[in-house]
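Visitor: I would like to take a close look at a single part of this molecule, and I would be glad of a careful explanation.

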Amino acid sequence: MNFWGYTLLFTSFFNCQTELNHETVFDSTTIAQQIDIDTEKPDHTAWNDLLKKYVDDLGNVNYKGFKADIQSLETYMNTLANTPPTSSWSKDDKLAYYINLYNAATVKLIVDNYPTKSIKDIPNRWKKKWITVGNITTSLKDIEHEVLRKMDEPRIHFAINCASYSCPKLLNTAFTSQNMESLLSKTAADFVNDTKRNRFQNGKAQLSRIFKWYKGDFTESTSLLEYINQYLENPIDNKADISYLDYDWSLNEAK
């Protein structure tokens with residue numbers, strides 16, 4: 001490509017960047033649609049190290065530790081901001097990016113408002129646009145509903161964490177394209193068989209409200225209990241009575 005070819009390419013790039021603003025509709029293809037120049041995939045090791053330090057095996061989070069190490073968390077999020085997914089990335093690469101981004105951003109939201117008793121005490125906790133992906137500023141709500149829920153992978157609901165005790169636990173391992181399938185299966189099995197979040201006894205199913213709120217994501221090709229039975233250690237009758245447990249929004253903080 002000659003000089004004028006490169007000039008036209010980069011002029012187009014910066015024009016596209018200028019057109020992106022806070023009102024841009026954010027979805028899994030937005031950035032790739034604007035310009036399809038590949039970016040290097042981010043290394044999630046830094047996030048993995050932070051999770052190992054500050055999250056225990058039960059998913060309880062040491063927010064004081066994260067607060068003291070805020071620079072490391074912000075550096076990781078800046079890395080993600082500067083390496084947005086493009087259309088050439090695999091589905092698993094994109095899933096790893098957005099799951100890790102959602103969880104890291106949720107931790108930062110809590111740390112920025114710490115101490116707090118619940119994420120629900122924070123105004124505009126899910127709708128506020130403050131998370132950077134490339135040249136787009138987006139929100140936790142958009143990452144979940146406009147990206148992850150549209151990737152045809154309902155197990156994302158067990159992988160992302162809302163900083164509350166009734167949420168699926170925050171796994172203390174970062175997601176990568178290499179471990180995606182095994183970790184999604186693990187988080188699904190862990191959540192379904194956790195008696196604090198789901199209970200199956202006397203032929204009745206008392207389920208987490210996640211299965212009520214997002215029922216459509218789990219039942220596109222099967223019934224709800226048929227889906228759950230894939231991961232349940234002791235499967236229940238597919239026609240069992242279903243009710244939903246109260247949701248505990250208190251902070252998932254390590255005591």
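How many helices and strands does the chain have, and what can be said about Ser 139, including whether it counts as buried or exposed?

Guide: This is a predicted model, and its chain has 12 helices and 5 strands. Of the 255 residues in that chain, 48% count as buried, and the chain exposes about 13,000 Å², of which carbon and sulfur atoms supply 48%. If we take the contacts between residues at least 6 apart in sequence, 69% of them join residues at least 24 apart.

Turning now to Ser 139, we find this residue in the loop between the strand β2 (136–138) and the helix α7 (140–147). Ser 139 counts as buried because its relative accessibility is 1%, and buried means under 20%. Setting aside residues up to four places away in sequence, Ser 139 touches Trp 126, Lys 127, Lys 128, Lys 129 and Ile 131. There is also a polar atom in the side chain of Ser 139 that lies 3.1 Å from the backbone nitrogen of Asp 142.

For another loop residue, look at Gln 230, which is found between α12 (224–229) and β5 (241–244). Gln 230 has 53% relative accessibility and therefore counts as exposed, since the cut-off for that word is over 50%. Although Gln 230 and Ala 189 are 41 residues apart along the chain, their C-alpha atoms are separated by 8.5 Å.

Key: Residues are numbered from 1 along each chain as its sequence is written. This is a predicted model: local features need pLDDT of at least 70, side-chain atom pairs count only at pLDDT 80 or more; totals for chains, interfaces and linings use all residues. Side-chain values use heavy atoms; hydrogens and water are left out. Helices (H or I, at least four residues) and strands (E, at least two) are DSSP runs, numbered from the N terminus. Buried means under 20% relative accessible area, exposed over 50%, partly exposed in between (1.4 Å probe, protein chains only). Contact means heavy atoms within 4.5 Å. Accessible areas come from the Shrake-Rupley method with a 1.4 Å probe; for residues, only the protein chains shown count as cover. A polar contact is a pair of N or O atoms within 3.5 Å; within protein, one must be able to donate a hydrogen and the other to accept it, and residues adjacent in sequence count only if both atoms are side-chain atoms.
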